[in-house]
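Visitor: I have a protein chain on my screen and a list of things to ask. Could you walk me through it?

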Amino acid sequence: LYKDLIVMKDFKKGIYGDAHGCFFHPQGSEQWYFIHLEYGRSGTNRQSWAQKVEFNSNGTIQPIQLTTRGVGAIRPPADPAGPNLALGKKATASSTQPDFWVPPINDPGLNRTEGYAPTNALDGSYGSRWLAAEADKSVWYQLDLGKVQAIQRTELYFVQPTQGHAYRLEFSTDGRKWQPYGGQEALRVQSPQTDRNTVRARYLRLTILKGTPGLWEFRVY
């Protein structure tokens, strides 16, 4: 029954959807990719994923191994940033939105709960995020790099970036004395929101002034 299927959801791996698939290959490359939507909150909040496509010797498509990590950059970036210093580090926040049970549509096996812990913005995945509680009127997010390091650039990937964000970003070596690093007072529609400032810091504290209070990713270089 399933011999001709090339993609299937896999609840054990956290693959809950493979909808609206399409294929492409970069100009000048023979490598093909499969792009699909991951199941969101039963609405428009979905993430796009990219997977490699491999072929059998007779030209047929091999079953595509779906992952939550994607394929990474397919070309070297024009502006190499170096390693993300925030990846896998510790974070705290003024609040965290409660876990959300995603109601299944048609498939009762899709029993999934989304969590919104602050560390979700430091895991290198656009499939997870930190969200502040809806009642939080003074939203802040604090990152601990583990030790004092030289940093030159930060990238903030806010939730719902098309609505714009205003924020204040500060840095500290000890978590007590803070100095300005970046941000803007007026709403700006951009993703990522990038700040450049060469400093030495262990802690970075983000205060969200306007816009949806949440982050897909917080990167530091």
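Visitor: How many residues lie between strand 9 and strand 10 in their hairpin?
Guide: This is a predicted model. Strand 9 and strand 10, residues 179-188, pair in the antiparallel sense over six bridges. In the turn, Gly 175 has a positive phi of about 80°. The number of residues between the two strands is six.

Visitor: Which residue in strand 10 stands opposite Tyr 167?
Guide: Strands of a sheet pair through backbone hydrogen bonds. Strand 9 pairs with strand 10 in the antiparallel sense. Opposite Tyr 167 stands Gln 184.

Visitor: What is the bridge partner of Arg 168 in strand 11?
Guide: Strand 9 also pairs with strand 11. That pairing is antiparallel and has seven bridges. The bridge partner of Arg 168 is Thr 207.

Visitor: Is strand 9 largely enclosed or largely open?
Guide: Count the buried residues. Buried means under 20% relative accessible area. Seven of the eight residues of strand 9 are buried, so the strand is largely enclosed by the rest of the structure.

Visitor: Which leucines does Phe 218 contact, leaving aside its neighbours within four places in sequence?
Guide: Contact here means heavy atoms within 4.5 Å. The partners of Phe 218 include Asn 84, Ala 86, Ala 121 and Tyr 141.

Visitor: Which are the edge strands of the open sheet of three strands?
Guide: The order is 1-2-3, with antiparallel pairing. Four bridges join strand 1 to strand 2, and Cys 22 has Ile 35 as its bridge partner in strand 2. An edge strand pairs on one side only, and here the edges are strand 1 and strand 3.

Visitor: What separates the C-alpha atoms of Gln 47 and His 36?
Guide: Gln 47 is in strand 3, residues 47-53. Its contacts include His 36, Leu 37 and Trp 216. Gln 47 and His 36 are eleven residues apart along the chain, and their C-alpha atoms are separated by 8.4 Å.

Notes
Residues numbered from 1 in each chain as written. Predicted model: local features only at pLDDT ≥ 70, side-chain atom pairs only at ≥ 80, totals over all residues. Heavy atoms only, no water. Pairing = 2+ DSSP bridges. Buried < 20%, exposed > 50% of the residue type's maximum accessible area, 1.4 Å probe, protein only.
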